[in-house]
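Dear colleague,

I am passing on the structure we talked about, and below it you will find my notes on what turned up. Please read them with the structure open beside you.

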Amino acid sequence: MLGRSALSRTGSFRPENLGQNALVMIGNLCFTLFVIGVLIFTIIAATYEPEDPLFHPSTKITTFLTSTSNATFKSDNTVVKTGEDFMRPNETAVAAFINITDVENPTPDATECEGGVNQPIDCSDPDVFHLLMRAAIEFFRDIHFYRFGKPVRGSNESTCDMAWRFRPKEGKTASFYKDYRTFVISRSENCTLSILGIGDYHSGLKARKKKRNQKPGFQKQEPAATLPVVGEFVNDSLPVVESESSFSQGKYLIYTGGGDRCKSMNHYLWSFLCALGEAQYLNRTLVMDLSLCLSSIYTNSNGDVEGKDFRLYFDFEHLKESASVLDQAQFWSDWNMWQKKDGLSLYLVEDFRITPMRLAQSNDALIMRKFGSVEPDNYWYRVCEGETESVVQRPWHLIWKSKRLMDIVSGIASRLNWDFDSVHVVRGEKVKNRELWPNLDRDTSPDALLSSLQEKIEDGRNLYIATNEHDTSFFDPLKDKYSTHFLDDYKDLWDEKSDWYLETTKLVDGAPVEFDGYMRISVDTEVFLRGNKQIETFNDLTSDCKDGMNACSTAAS
């Protein structure tokens with residue numbers, strides 16, 4: 001029996017069965033390789049951490065907004081991307097600009113002229129309105145006009161102030177801009193009106209703020225989509241709960257503590273938008289601290305600076321109109337007043353792993369997320385990692401840059417008539433580190449810049465140089481070929497006599513406001529981005545990588 005069993009077991013290896021066995025072995029081997037491949041792919045997918053698209057150029061942002069990538073990122077001291085960077089101009093709205101042929105050509109009425117030559121200019125006269133519109137369109141040839149406000153009397157009897165909404169003809173951003181200027185008008189003996197002069201940017205202060213019940217001006221059509229309008233009067237006062245009843249019926253979310261304070265602005269916004277996204281998911285009002293800590297990477301003192309107002313950097317007016325938010329100080333004042341009386345309950349959450357989905361059924365008046373002291377588990381953005389990332393979306397469209405800072409950008413571009421080219425020259429500490437950037441110093445020298453730019457920018461052009469090189473005389477050799485401009489050439493737009501300074505000091509109860517390092521980087525970058533031609537350091541001037549040796553990628557900017 002044993003012999004027969006042995007023979008039966010080895011019978012399958014007889015010569016006539018070898019072909020069949022070979023096919024079975026090959027099939028088993030292929031299946032094994034398939035299983036191993038699936039296992040390797042699963043491990044890679046589970047551990048892969050892609051680069052954070054937050055720091056990619058704007059062309060990458062659409063992909064970023066719809067991705068479910070890992071929620072962590074590396075710190076960066078560049079300007080943070082905000083909602084308007086993700087927007088694209090509405091083609092219909094952009095095309096609906098006002099042509100000079102759309103405006104009537106005023107004709108004087110000689111029968112009504114007698115004795116009127118020396119009379120004050122009537123700014124409400126339709127003929128005056130038409131004259132001013134035509135003069136603006138003819139004078140500012142590098143912008144498109146979309147709306148003219150009704151003129152109002154200026155500082156004397158021969159001036160009118162008029163406002164308008166516009167975009168540069170070569171504009172790449174989704175924003176509209178507002179300017180208001182003074183027009184000096186004369187009347188000849190036959191009552192013909194003519195423009196003697198047009199004031200500087202924002203000179204027509206009396207036309208700045210639209211008055212109640214003011215008749216509409218002139219426009220072709222209302223823009224189809226809501227876009228930022230830089231230059232409008234900013235109302236970023238703090239929202240107030242109207243009554244005890246309204247407060248007691250509300251539901252609130254607050255984040256406290258954690259390790260996000262005094263980090264880079266990118267880090268701050270990444271965490272703040274996580275909190276705002278959770279509040280929207282839970283249909284709750286976000287209680288936010290408007291007092292920021294500015295990281296040392298943006299300060300002249302190289303130390304962190306507390307007490308910076310959120311409204312100095314971001315558009316709080318847009319945020320409060322688009323989302324439900326309350327200032328932390330105002331909230332706690334109301335809470336302490338009515339919490340016990342109205343029996344308002346608080347639910348404390350001290351573990352970031354408790355997801356928003358688990359909190360969705362909570363009926364407590366206030367959910368408080370309290371973060372500890374151990375980094376990185378005490379970062380707010382940890383709440384939005386893992387399974388939460390596909391459920392809670394960061395509402396980027398709610399965060400826009402400060403319109404006051406953007407008005408400085410508009411002021412600089414307007415003084416250049418919105419017709420300039422720009423170059424971004426990175427030097428600073430990087431040129432000293434030849435191990436990481438061996439060619440940067442040489443490639444950004446004046447001689448190298450002249451050589452690189454001669455094929456890209458025409459002689460005689462206005463050239464805005466955005467740079468971290470403190471000594472701008474370094475670029476003097478470029479003046480032989482270009483009309484060079486730097487950020488500090490426009491200090492009057494943020495000095496103590498400027499509109500920006502007067503308005504921002506009101507936000508902080510009259511305390512002095514510094515035009516700090518982050519503001520400088522933000523304005524410098526935004527002016528650069530409005531150049532007709534834009535020349536980048538790491539894309540156009542040097543072969544070095546933005547992040548150092550062997551760190552180049554297609555995402556580098």
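Strand E16 (residues 462-467) is mostly covered, since five of its six residues are buried, where buried means under 20% relative accessible area, exposed over 50%, and partly exposed in between, with a 1.4 Å probe and protein chains only. This is a predicted model, in which local features need pLDDT of at least 70 and side-chain atom pairs count only at pLDDT 80 or more, while totals for chains, interfaces and linings use all residues. Residues are numbered from 1 along each chain as its sequence is written, and side-chain values use heavy atoms, with hydrogens and water left out.

Strands (E, at least two residues) and helices (H or I, at least four) are DSSP runs numbered from the N terminus, and two strands pair if DSSP finds at least two bridges between them. E16 runs parallel to strand E15 (residues 421-425), to which five bridges join it, and Ala 466 in E16 has His 424 opposite. With strand E17 (residues 483-485), E16 pairs over three bridges, again in the parallel sense, and there Tyr 464 stands opposite His 485.

Strand E1 (residues 143-148) is largely enclosed by the rest of the structure, because five of its six residues are buried. E1 pairs with strand E3 (residues 159-168) in the antiparallel sense over five bridges, and His 144 has Arg 167 in E3 as its bridge partner. E1 is also joined by two bridges to strand E6 (residues 218-219), the two running antiparallel, with Phe 218 in E6 as the bridge partner of Phe 148.

Helix H16 (residues 517-528) has 12 residues and should span 16 Å at 1.5 Å a residue, which agrees with the 16 Å between its end C-alpha atoms; the expected span is 1.5 Å times one less than the number of residues. Nine of the 12 residues of H16 are buried, among them Tyr 518, Met 519, Val 527 and Phe 528. At the start of H16, the backbone nitrogen of Tyr 518 has a side-chain oxygen of Asp 516 within 3.1 Å.

On the surface, Leu 29, Leu 33 and Ile 36 form a nonpolar patch with about 290 Å² of accessible area together. Leu 33 belongs to helix H2 (residues 18-47) and is exposed, with a relative accessible area of 53%.

With best regards

Note on methods
Polar contact = N/O pair within 3.5 Å; in protein donor to acceptor, adjacent residues only side chain to side chain. Patch = residues over 30% accessible without salt bridge, like charges linked within 9 Å, V, L, I, M, F, W, Y side chains within 5 Å. Areas by Shrake-Rupley, 256 points an atom, 1.4 Å probe, with all protein chains shown as cover. Salt bridge = Lys/Arg side-chain N within 4 Å of Asp/Glu carboxyl O.
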